[in-house]
Amino acid sequence: MSGNAVSDTRAGSKRTPAERTVAVWDRPLRLWHWALAACVLVAWFTPTVYDRLHRIVGYAVIGLLVFRLAWGFWGGRYARFGMIGVRLRAAPSYLWNLRRGITGRYIGLNPAGTLMLVALLLSIAVSAITGALSVTLTFFGVWWIEDTHTVASDAVIVLVVLHIAGVVLMSLLQRENLIRAMITGRKRIRGH
């Protein structure tokens with residue numbers, strides 16, 4: 001068993017070796033994930049109706065993106081961006097194998113999850129930045145800023161739906177509750 005694996009040592013625990021867990025996502029990353037999800041959801045439902053709230057959550061999203069960029073270099077092992085290039089290069093073959101139910105086992109993000117992370121971060125960044133620009137004197141009413149903001153915002157929602165579908169699919173294929181893992185920060189490890 002790896003040095004990262006931690007068993008439940010509470011009195012009376014009946015965990016088997018197959019049910020041991022490992023810490024994967026640290027608390028700051030999990031808080032960031034759920035705060036970003038909440039902000040994106042609020043931003044999606046508030047434009048033109050609650051403009052002030054829409055702008056506030058837009059600026060919050062920019063702050064969250066800055067935090068994630070920093071945490072990608074200084075955060076915990078599974079929060080760092082070190083493996084992004086490797087996993088992105090592996091994404092096409094991973095997705096091809098996924099068609100046949102071959103998922104592999106990854107403690108952190110799998111190649112499809114890494115691809116989704118990059119796509120979501122980029123589309124959210126474009127949406128938030130163009131949204132912030134659209135309320136400045138220089139870019140207010142500029143058609144391509146507004147259109148880019150709309151397209152990027154729509155892309156974010158499409159990617160969020162795909163992200164949720166992917167999490168559900170992987171949870172079913174690997175028989176592991178990945179939503180719970182993003183709440184607790186722990187994933188099961190199998191065997192030794």
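**Entry 1, the salt bridge.** I began with Arg105, which is partly exposed with a relative accessible area of 30%, and I note at once that I am reading a predicted model. I then looked for the partner of Arg105 and found that it forms a salt bridge with Glu176, where the closest N and O atoms are 2.7 Å apart. Glu176 is buried, its relative accessible area being 6%. I placed both residues along the chain: Glu176 is in the loop between helix H5 (143–174) and helix H6 (178–184), while Arg105 is in the loop between H3 and H4, so the pair ties together parts that are 71 residues apart in sequence. I searched for other salt bridges, but the structure holds one.

In one of them, Phe73 and Phe81 are edge-to-face, with 5.7 Å from centre to centre and 90 degrees between the planes. I checked the accessibility of both partners: Phe73 counts as exposed at 53% relative accessibility, whereas Phe81, at 19%, is buried because the limit for that class is under 20%. I also noted that Phe73 and Phe81 belong with Trp74 to one aromatic cluster.

Tyr94 counts as buried at 6% relative accessibility, and Tyr106 is partly exposed with a relative accessible area of 25%.

I asked myself which ring the charged end of Arg68 sits over. It is the ring of Trp32, and the distance from the ring centre is 5.5 Å. I then looked up Arg99, which lies over the face of Trp96 at 3.7 Å from the ring centre.

Finally I went over the surface and wrote down a nonpolar patch of about 460 Å², which is made by Val42, Val49, Tyr50, Leu53 and Ile56. Of these residues I followed up Ile56, which lies in helix H2 (residues 51–74) and is partly exposed, with a relative accessible area of 46%.

Methods
Residues are numbered from 1 along each chain as its sequence is written. This is a predicted model: local features need pLDDT of at least 70, side-chain atom pairs count only at pLDDT 80 or more; totals for chains, interfaces and linings use all residues. Side-chain values use heavy atoms; hydrogens and water are left out. Rings of Phe, Tyr and Trp (its six-membered ring) pair if their centres lie within 6.5 Å; planes under 30 degrees apart count as stacked, over 60 as edge-to-face and the rest as tilted. Buried means under 20% relative accessible area, exposed over 50%, partly exposed in between (1.4 Å probe, protein chains only). A charge sits over a ring if NZ of Lys or CZ of Arg is within 6 Å of the ring centre and within 35 degrees of the ring normal. Patches are made of residues with over 30% relative accessible area and no salt bridge: like charges are joined within 9 Å, nonpolar side chains (Val, Leu, Ile, Met, Phe, Trp, Tyr) within 5 Å. Accessible areas come from the Shrake-Rupley method with a 1.4 Å probe; for residues, only the protein chains shown count as cover. A salt bridge is a side-chain nitrogen of Lys or Arg within 4 Å of a carboxyl oxygen of Asp or Glu. Helices (H or I, at least four residues) and strands (E, at least two) are DSSP runs, numbered from the N terminus.
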